[in-house]
Amino acid sequence: MASTASAPRIKPGVAPLRAGEGYSFLLRRLHSLSGVVPIGAFLLEHFISNAEAFKGPDAYNAQVKFLNSLPFVTGMELCFIWLPILYHGLYGVYIWWRGETNVGDYPWQGNWLYTAQRWTGIVAFAYMIQHTYYLRFTGITLGENPGASFAKVQHEFQNPWMIFFYCAGIIAASWHFSYGLWLFAAKWGITTGEKARQRFGYVCVVLALVLILLGGLSMNGFFRFQTPDKILTTSNVVPTP
């Protein structure tokens with residue numbers, strides 16, 4: 001009589017990064033690392049800087065002026081912000097396009113989280129493209145006229161769809177970074193064991209909520225204060241104190 005073999009139990013957790021998979025191993029390592037350093041560091045700075053909008057136009061414009069006055073700011077942005085974001089975003093889209101989800105077949109918590117990580121990455125990447133294009137390549141140049149920074153963002157909020165897009169972008173970026181940080185710690189062997197991963201998971205949830213709160217405070221500032229539209233013309237830029 002044939003014996004019945006029991007199905008192997010799949011141990012929960014996160015598979016570590018493994019070598020021996022060709023150059024894709026290196027690309028995935030760089031993708032994982034770039035999401036934390038430097039992109040994650042930039043994201044934290046960006047949320048904190050934008051929260052200055054809660055204090056009003058003068059505080060926000062002064063922060064923009066300070067950031068643009070840093071030495072070698074263009075080179076630093078190119079090397080430590082735009083190129084890493086471009087690589088992380090495009091390679092993330094490639095992973096998303098090539099990947100397969102099994103949420104419908106195996107509705108485990110990890111699969112749902114992984115699927116959410118994919119889609120929030122797409123939303124956050126689209127948001128950053130639109131946000132950068134509008135602020136950097138349309139209308140008044142904020143690098144030369146930081147006194148118009150608050151008014152330019154506020155002007156975009158006159159479109160209800162952009163308010164919705166900003167909310168979606170803030171939530172997506174907050175979740176994607178926070179859960180990505182949890183994945184990074186698990187895959188790189190920083191958090192070993194179920195208890196360590198669970199505890200760090202709570203930290204990452206708090207981090208996501210804090211970032212969403214900072215984003216909400218920033219948007220609240222743009223709604224509470226009023227600036228005249230004429231500030232957006234180069235001939236009427238109000239200098240930042």
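A residue is buried under 20% relative accessible area, exposed over 50%, and partly exposed in between, with a 1.4 Å probe and protein chains only. At 7% relative accessibility, Phe-157 therefore counts as buried.

The model is predicted: local features need pLDDT of at least 70, side-chain atom pairs count only at pLDDT 80 or more, and totals for chains, interfaces and linings use all residues. Residues are numbered from 1 along each chain as its sequence is written, and side-chain values use heavy atoms, leaving out hydrogens and water.

Start with the rings. A pair of aromatic rings is described by the distance of the centres and the angle of the planes. Rings of Phe, Tyr and Trp (its six-membered ring) pair if their centres lie within 6.5 Å; planes under 30 degrees apart are stacked, over 60 edge-to-face, and the rest tilted. The structure holds 17 such aromatic pairs. In one of them, the centres of Phe-42 and Trp-82 are 6.4 Å apart and the planes stand at 65 degrees, so the pair is edge-to-face. Phe-42 lies in helix H2 (residues 39-50) and Trp-82 in helix H4 (residues 73-98), so the pair ties together parts 40 residues apart in sequence. Helices here are DSSP runs (H or I, at least four residues), numbered from the N terminus. Trp-82 is partly exposed, at 29% relative accessibility.

Phe-157 pairs with Phe-223 in a tilted arrangement, 5.5 Å centre to centre with 35 degrees between the planes. Phe-157 sits in the loop between helix H6 (149-156) and helix H7 (160-187), while Phe-223 belongs to helix H8 (residues 194-224), 66 residues apart. Phe-223 is partly exposed at 43%.

The rule asks for NZ of Lys or CZ of Arg within 6 Å of the ring centre and within 35 degrees of the ring normal. The charged end of Arg-29 sits over Trp-188, 4.4 Å from the ring centre. Arg-224 lies over the face of Phe-54, at 4.5 Å.

Next come the salt bridges. Each needs a side-chain nitrogen of Lys or Arg within 4 Å of a carboxyl oxygen of Asp or Glu. The count is 3. Arg-136 and Glu-77 form one, with closest N and O atoms 2.8 Å apart. Arg-136 is in helix H5 (residues 109-137) and Glu-77 in helix H4, so this pair ties together parts 59 residues apart in sequence. Arg-136 is partly exposed at 41%, whereas Glu-77 is buried at 16%.

How values were computed: Helix = DSSP H or I, 4+ residues; strand = E, 2+ residues; numbered from the N terminus.
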